[in-house]
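Subject: Structure handover

Hello,

Here is the structure I promised you. Please open it beside this email and follow along.

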Amino acid sequence: MRSFKIYKLFIVLLTALLALSSAYFGIALLGAWAENDRLAETEKALQAQIDALSNDKAQKEEYYFRLLHDDKFRERIIREKLGYAAPKEIVFRFDDSNTKAPEVSVVGEGGAQAEGAAQAQ
């Protein structure tokens, strides 16, 4: 009978050990799942950032290609961004103009300088 009590005690201890280890590993597994979810969200955010940067790169490559190979595009950009004008051309600038180029004066036909719009207004 004594061996039956020892056997019963041994079974109870093993059951308790199994329950405690299951609880411990269950909590560890929940932590791993939470970390996995967090890493998946981080991966989605980084993938979105990669996609945005890839699109930006493609647009810049297209812009660069057009600057090199499209004469009309290049001329328009040079006029808009840099404020250049053709010879004997008068450039008028208005207050609501979004051009960031400096004021340009162009030499007229008679050798006199035509003044920019800021001075003409």
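Phe-25 is exposed, because its relative accessibility is 56%. Exposed means over 50% relative accessible area, buried means under 20%, and partly exposed lies in between (1.4 Å probe, protein chains only). Tyr-24 also counts as exposed, at 58%.

A word on the model. It is predicted: local features need pLDDT of at least 70, side-chain atom pairs count only at pLDDT 80 or more, and totals for chains, interfaces and linings use all residues. Residues are numbered from 1 along each chain as its sequence is written, and side-chain values use heavy atoms, with hydrogens and water left out.

Now the rings. The whole structure holds 2 aromatic pairs. Rings of Phe, Tyr and Trp (its six-membered ring) pair if their centres lie within 6.5 Å; planes under 30 degrees apart are stacked, over 60 edge-to-face, and the rest tilted. Tyr-24 and Phe-25 have ring centres 5.3 Å apart and planes at 75°, so they are edge-to-face. Tyr-63 and Phe-73 are edge-to-face too, because their planes stand at 85°, with centres 5.4 Å apart. That pair links distant parts of the chain: Tyr-63 is in helix 1 and Phe-73 in helix 2 (residues 71-82), 10 residues apart.

Is Phe-73 buried or exposed? Phe-73 is buried, because its relative accessible area is 6%. Tyr-63 is partly exposed, at 34%.

Next, the chain as a whole. It has 3 helices and 2 strands, in the order α-α-β-β-α. Helices (H or I, at least four residues) and strands (E, at least two) are DSSP runs, numbered from the N terminus. Of the 121 residues, 7% are buried. The chain exposes about 10800 Å², and carbon and sulfur atoms supply 61% of that. Areas come from the Shrake-Rupley method with a 1.4 Å probe; for residues, only the protein chains shown count as cover.

Last, look at Phe-4. This residue lies in helix 1 (residues 2-69). Phe-4 counts as exposed, at 52% relative accessibility. Together with Tyr-7, Phe-10, Ile-11, Leu-14 and Leu-17, Phe-4 makes a nonpolar surface patch of about 640 Å².

Best wishes

Conventions: Patches are made of residues with over 30% relative accessible area and no salt bridge: like charges are joined within 9 Å, nonpolar side chains (Val, Leu, Ile, Met, Phe, Trp, Tyr) within 5 Å. A salt bridge is a side-chain nitrogen of Lys or Arg within 4 Å of a carboxyl oxygen of Asp or Glu.
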